[in-house]
Amino acid sequence: MFNARRNVFQLTSRVLTASREAAQTCAKSTFATHRGAALEVAPLNSTKLSSVKNGQGWTALTFAAAGLAAAASQMSPVGDCAGGEGKGSAAAGLKPGKASANPTVVFVLGGPGAGKGTQCSNIVRDYGFCHLSAGDLLRAHMKSGSKDGNMVAEMIKNGQIVPSEVTILLLQKAMKESGKDKFLIDGFPRNAENRDAFEKVMGFDCDFVLFFDCPEDVMETRLLGRNEGRTDDNIESIRKRFKVFIESSMPVVQYYESLGKVNRVIANKSPEAVYADTKKLFDPYLKESALKATTKLLASIDASDWDTYRGLLDSGLTAFEPEAKGHLVEGIPFHQYLFAQAQALPPTSSKIPPVMSTMSTPKVTLLGGGSSALVTYTRLIQRPGAMLINPPSESDETSKQSPPGWWHPAPQPQTSTSSGPTASFVGPPTTQSVQETRVWERCDDSSGVAWKLMHFHRS
Ligand SMILES: Nc1ncnc2c1ncn2[C@@H]1O[C@H](COP(=O)(O)OP(=O)(O)OP(=O)(O)O)[C@@H](O)[C@H]1O
Ligand SMILES: Nc1ccn([C@@H]2O[C@H](COP(=O)(O)O)[C@@H](O)[C@H]2O)c(=O)n1
């Protein structure tokens, strides 16, 4: 006989150790990508992302490049938890209202047959989330010939809730193997024990609960017509599942309601109508990812990191910028030339980042149902002063250079073995302000949502 209580304790202890390791990996990963997503002032000799927040959300994002050419590439992910646009993103972690370095988790709840699985497929397609159905994982586990397979099979047939340690181990493994950082966890937590165990083992809670609210008679008709060969889609099992849902799962929904974390969607409508309501809840994640791509792009410009910059561009990029003197520039070479100038500069001996961009009052508008994003903002560009090449004695003014127009290539850092000319800066510091509009197009890859820059316009 399965001793649930004893096994919960034993397995939970084991999972805690394993998850601590996993959490360390995740923390490492998210440290690399979330660093500095806070209000502190950026130390001048470090790579730092700082942000300013008001009631409406983020109002300014600052990336301070350390003057290291590879500053943006230092943000590469480490470990299993990063995915999608978060990879290597300077702004990863700038999720409105999110302070912790954890993956994004949405718990998807609702009665049996409410349409959770159906809607999750749509969200995966449009928002790059990874869908993990606790029921599907348990059914696969039951068929895998594992020693508790028979116990799980019996519990599923009777609509009972399988002990948390089994389900959480399956979820944890699937999350790790997915390589993603945004999850829809469907059909979980089914009771208070599931909920407690998840928080203890994973060390974080969900972002919100997506609750599909559907009358029982509608769910019953749907389940009887589902025809997927499930052992629990018969009237006897369905009634048991409804009872368990009311007695054990609804208190979980009520618990999250008391925390203000439930987004309720009326599910007694056509699948399309249900999705139209569901979709709105996920648009902020897409906007956030377009903003991250923009921040990563600015960081790569500040750091003169051509490879990162080029990786974000569509080959057919078009641009209106002051350097093009009113002409629409198409393609890559015009921009590459500006980066090449930076590489031709002597290294800087200064510890002060040669240039730092701050994105102020960004606004993201999704177009084409989220296939494109329009990002507009004011960019503040700070520099430590005029650049001096190979500074001679103080009396010699001839080598002093004024800051050029809006763009000032960032020299490379001086290495200990550097010899020959160097660059340094003389005050006063300057700040420029330009308006930028960027048009991004979705080009998702296997790790999730990704964006390419199609067009930009700078005042
Ligand atoms: N809005 C809807 N209108 C009509 N039928 C729907 C709707 N949503 C889903 N269905 C159908 O109802 C059945 C149950 O849907 P689905 O499997 O998505 O529910 P579920 O909440 O995931 O169920 P379970 O909890 O049992 O896994 C499926 O056959 C599905 O095609
Ligand atoms: N957290 C969970 C989720 C599911 N189960 C068991 O699986 C059955 C089917 O779940 P669906 O979400 O696919 O309908 C469910 O009735 C439970 O027996 C579980 O134990 N714990």
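Mentor: Let us begin with Cys-214, which lies in the loop between strand 6 (208-213) and helix 7. Please keep in mind that this is a predicted model.

Trainee: Is Cys-214 buried or exposed?

Mentor: Cys-214 counts as buried, because it has 22 C-beta neighbours inside 10 Å and the cut-off for buried is 20 or more.

Trainee: Which residues is Cys-214 in contact with, leaving aside its neighbours within four places in sequence?

Mentor: They are Gly-110, Gly-111, Ala-114, Gly-115, Met-219, Ala-267 and Asn-268. Ala-267 is 53 residues from Cys-214 in sequence, yet their C-alpha atoms are 5.1 Å apart in space.

Trainee: What about the chain as a whole? How many helices and strands does it have?

Mentor: The protein chain has 12 helices and 15 strands. Of its 459 residues, 41% count as buried. Among contacts between residues at least 6 apart in sequence, 76% join residues at least 24 apart.

Trainee: Which residues touch the most other members in the largest nonpolar core?

Mentor: That core has 73 residues, and Phe-107, Leu-171, Ile-185 and Ala-290 touch the most other members. Helix 10 (residues 283-302) gives the most to this core, with 9 residues.

Trainee: Where is the place of Pro-189?

Mentor: Pro-189 sits in the loop between strand 5 (182-186) and helix 6 (192-202).

Trainee: Changing topic to helix packing: at roughly what angle do the axes of helix 3 and helix 4 cross?

Mentor: The axes of helix 3 (residues 134-143) and helix 4 (residues 149-157) cross at roughly 135° and come within 8 Å. That angle makes helix 3 oblique to helix 4. The crossing of helix 3 past helix 4 is left-handed.

Trainee: Which residues meet there?

Mentor: From helix 3 there are Leu-138, Arg-139, His-141 and Met-142, and they meet Gly-149, Val-152, Ala-153 and Ile-156 in helix 4.

Trainee: How do helix 3 and helix 5 cross?

Mentor: The axes of helix 3 and helix 5 (residues 164-178) come within 10 Å and cross at roughly 100°. Helix 3 and helix 5 are therefore roughly perpendicular to each other. Ala-134, Leu-137, Leu-138 and His-141 of helix 3 make this contact with Thr-167, Leu-170, Leu-171 and Ala-174 of helix 5.

Trainee: And how do helix 5 and helix 6 cross?

Mentor: Their axes come within 10 Å and cross at roughly 45°, so helix 5 and helix 6 are oblique to each other. Helix 5 passes helix 6 in a right-handed crossing. On the helix 5 side the contact involves Ser-164, Glu-165, Thr-167, Ile-168 and Gln-172, and on the helix 6 side Glu-193, Asn-194, Ala-197, Phe-198 and Val-201.

Trainee: Now the backbone. What phi does Asn-227 have?

Mentor: Asn-227 has a positive phi of about 60°, although it is not a glycine. Most residues other than glycine have a negative phi. Asn-227 lies in the loop between helix 7 (216-224) and helix 8 (235-258), and it is exposed, with 8 other C-beta atoms within 10 Å.

Trainee: And what phi does Thr-361 have?

Mentor: Thr-361 is not a glycine, and its phi is positive at about 40°. Thr-361 is found in strand 10 (residues 356-367). With 12 C-beta neighbours inside 10 Å, it counts as exposed.

Trainee: Leu-366 is found in strand 10 too. What is Leu-366 in contact with, leaving aside its neighbours within four places in sequence?

Mentor: Leu-366 is in contact with Asp-283, Leu-286, Lys-287 and Ala-373. The C-alpha atoms of Leu-366 and Asp-283 are separated by 8.0 Å, and the two residues are 83 apart along the chain. Leu-366 is partly exposed, with 16 other C-beta atoms within 10 Å.

Terms used:
Residues numbered from 1 in each chain as written. Chains lettered and ligands numbered in written order. Predicted model: local features only at pLDDT ≥ 70, side-chain atom pairs only at ≥ 80, totals over all residues. Core = buried A, V, L, I, M, F, W, Y, C linked by C-beta atoms within 7 Å. Helix = DSSP H or I, 4+ residues; strand = E, 2+ residues; numbered from the N terminus. Axes fitted to C-alpha atoms, helices over the stretch in contact; angles between N-to-C directions. Parallel < 35°, antiparallel > 145°, perpendicular 65-115°, else oblique. Left-handed = near helix turned anticlockwise from the far one by under 90°. Contact = placed C-beta atoms within 7 Å.
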